[in-house]
Amino acid sequence: MGDNRVTIIGPAGQEPHYWLELWRYRELFLILAWRDLAVRYKQTVIGVMWALIRPLFGLIIFTIIFGHVAGLPSEGSAPYPLMVFAGMLPWTFFSTGLAEASYSLANNANLLSKVYMPWLIVPTATVVVALVEFLIGLCVLLALLVWFQFLPGWQIALLPAFVIFLFIATMGPSLWSTALNVRYRDFRYVVPFLVQFGLYVSPVGFASSIVPEHWRLFYSINPMVGIIDGFRWCILGSQTHLYLPGLAMSAGAVGLCLWLGIRQFKKVESSFADLL
Amino acid sequence: MSGTIITVENISKRYVIGYHSGHPERHTSFREMIARGIDEAARRALALVRGQPIVHGDRIEEFWALRNINLEIQPGEIVGIIGHNGAGKSTLLKILSRITKPTEGQIVLRGRVASLLEIGTGFHPELTGRENIFLNGAMLGMTQREIKAKFDEIVAFAEVGRFLDTPVKRFSSGMYVRLAFAVAAHLEPEILIVDEVLAVGDAEFQRKCLAKMDEACRRQGRTILFVSHNMGAIASLCASTIWLHRGLLRMYGPTRQVIPDYLALGLPNQNRVVRLEHISPHNNSAPVRLLTLEWLSDLPLQQGEPIRGRVRLHTRIPLKGAAIEFGFCTPEGTRLLTYEGDGPKAGDAGCYSVEFEADSLPLSPDIYGVEIGISTSELGDLDQVSAAFQVQVLPGLKTRRSTNTGVRLASTWAWAADRGRSGPE
């Protein structure tokens, strides 16, 4: 049963098999994700309920504030709460994923100083936990669709593509954030602030169609704009009009964030093992 | 050259440490203080811009934990790694385990590596024993299939059957360690790297674990690297030993040659003369005091070899029928072996020098505590020096390889073929 795998260890900067290594450690990745999930929901009966309560709560608040009080228009004739929830769903995934992933390296410092694993699997595993909550959120969405007796159009078939897009969009900033947190431990205090800021700037509580036309492209630099628009388009169907230039801009922003995130992450991985 | 399972080429590891340069001298000028402050601020800013770690302190020093290490280890060898604290042993293990990268050099490993640098790595208190077995096993490099196959064995080895489905935070520390060891003991990598993890836990269970690892690895020709301060364990398990001294490879060769040289450099408690009165600071008004122990045989002690020593004592009262006890115990304090001898029937007050001798030390290689006591039948214990100092016992000429410790005695065994039986019932 001998395994004659040859491993070559060299100084920083030599990683010929970085991505192959990740594939080799896929089992450990799944175990870490399972561990984070199990621990999250172990002792709390409310724990599972919490995944349902949070988005519903946000939904109610935003509908009241932006829909009724501010009187902002919904997309087409879709019910305002549905429009809000279609935006909340991806946003919750993004913010939870980003928040959890930001501390993941620092939290697992003790483990990483005793066991070898490609560091990339650590924050990615925490984002998987956010994915599970997302799936629960989808169930809530289904319930809402039934409640409002709203039938989505053919566009809903493209939802999985946007989910993948969302995942990639979350990974970029998450990797960057967790790497930065290893370097500067107080970066963790910046993250909740940024997330909070993002919540109001992104079209979660309102539709991005209210943004004036000539600003829309600029607005789409925020990657979540394109993603939320996409989600709304998939769910609300022909009630909305998908602003394609905005989508392209957001896609570009996502790609850039991912590249920057991975670069920063790899840099920290090779130079900070000693300082974890 | 071919067939080497671990090739270490010119490995060096540098750390950068910063420290604040000493206490402010009385005559430091304000100007100097500002200069130092600016210097540090500039350095930090530069590090920030360059993306390097920020090191605190106004003086920076480079520290080479390892320098130009070259090794070739053959498959199937069990190699010990010894050295004083700070010699670089843990650093070398970390580099071999890929936890940290070397500054220079290259290592080639042919085979799966599992590192035991800590016991219970990854254990999460909220998860049950069962879940932690899978978690810990995966951390150590076992595949899920492997863990499932060995699951029952692991549980049996750990003896935690009933508690398998309770959260580990409810385990006693003993159970925790047993579970962690049980998973580790069932590792079957080509290369196993073990740090001094075996310095914790119930001694009895440790031996069980060590024996199991030893047996599995020896039978299947796996390679083990074993770091320890326990010369006895190294001597009985490892055929060859690496000696690291201040980051350099001092020696790499057969254990029998390396260890004596290492010890010659000075281990604590290998002093020829031990001041007993300093060890047990009783009231100095006690009538009888043991003063010193002087070893007359060679140190370190060896199993099977004669031992001789001299005890000096002082008594204020006349001694009638005194007896001195010389005992060896485990580091935890369990007495294993006692030599005793009677003194003269009557003796005056004053100083005495008592020499004792035993033919052949029947103790297995290990570290033992030494206890000395003097008593009389009338007055009972007069002075006792409990195991506050330790000695090494090394393998002697006739020592067999075994992980069992304690006292070993000679006896006679007669073998005869038994033709009446055909096998087990």
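1. Where the chains meet: 34 residues of chain B touch 31 residues of chain A, with contact taken as C-beta atoms, placed from the backbone, lying within 7 Å. On the chain B side, strand E4 (104-110) and H3 are the elements that give two or more residues to the part touching chain A. E4(B) gives the most, with six residues. Helices (H or I, at least four residues) and strands (E, at least two) are DSSP runs, numbered from the N terminus.

2. Before going further, bear in mind that this is a predicted model, in which local features need pLDDT of at least 70, side-chain atom pairs count only at pLDDT 80 or more, and totals for chains, interfaces and linings use all residues. Residues are numbered from 1 along each chain as its sequence is written, while chains are lettered from A and ligands numbered from 1 in the order in which they are written.

3. Chain B overall: its secondary structure comes to nine helices and 20 strands. Of its 425 residues, 35% are buried; buried means 20 or more other C-beta atoms within 10 Å of the residue's own, exposed means 12 or fewer, and partly exposed is in between, with C-beta atoms placed from the backbone. Among contacts in chain B with a separation of 6 or more, 72% join residues 24 or more positions apart.

4. The sheet to look at in chain B: six strands form an open sheet in the order E5-E6-E7-E3-E8-E9, with mixed pairing. Strands E5 (113-116) and E9 (248-254) of chain B stand at the edges with a single partner strand each, so one side of each has no neighbour in the sheet. Neighbouring strands here are turned by 15° against each other on average, direction ignored. Further in, strand E3 (residues 78-82) and strand E8 (residues 240-245) of chain B pair in the parallel sense over four bridges; two strands pair if DSSP finds at least two bridges between them. To find this pairing on screen, go to B:Val79, whose bridge partner in E8(B) is B:Ser240.

5. A bent helix: H4 (residues 144-158) of chain B bends by about 55° at B:Lys150, the bend being the angle between axes fitted to the seven residues ending there and the seven starting there. B:Lys150 is itself buried, as are B:Ile154, B:Phe157 and B:Ala158 of H4(B). The buried residues of this helix pack against helix H3 (129-139) and helix H5 (173-185) of chain B.

6. B:Glu159 follows H4(B) and has a positive phi near 55°. This residue lies in the loop between H4 and H5 of chain B, and B:Glu159 counts as partly exposed because it has 14 C-beta neighbours inside 10 Å. B:Arg98, also not a glycine, has a positive phi of about 65°. B:Arg98 sits in the loop between helix H2 (89-96) and E4 of chain B, and with 19 C-beta neighbours inside 10 Å it counts as partly exposed.

7. On to chain A, H7 with H10: the axes of helix H7 (residues 159-183) and helix H10 (residues 223-236) of chain A come within 10 Å and cross at roughly 160°. Axes are lines fitted to C-alpha atoms, for helices over the stretch in contact, and angles run from 0 to 180 degrees between N-to-C directions. H7(A) and H10(A) are therefore roughly antiparallel; angles under 35 degrees count as roughly parallel, over 145 as roughly antiparallel, 65 to 115 as roughly perpendicular and the rest as oblique. Residues of H7(A) including A:Phe162 and A:Phe165 meet a set in H10(A) including A:Ile227 and A:Phe231.

8. H7 with H11 in chain A: the axes of H7(A) and helix H11 (residues 244-271) come within 7 Å and cross at roughly 30°. That makes H7(A) roughly parallel to H11(A). Among the H7(A) residues in this contact are A:Leu175 and A:Trp176, and the H11(A) residues include A:Leu258 and A:Phe265.

9. H10 with H11 in chain A: these axes come within 7 Å and cross at roughly 130°. H10(A) and H11(A) are therefore oblique to each other. The contact includes A:Gly226 and A:Gly230 of H10(A), and A:Gly246 and A:Ala253 of H11(A).

Definitions and conventions:
Two residues are in contact if their C-beta atoms, placed from the backbone, lie within 7 Å.
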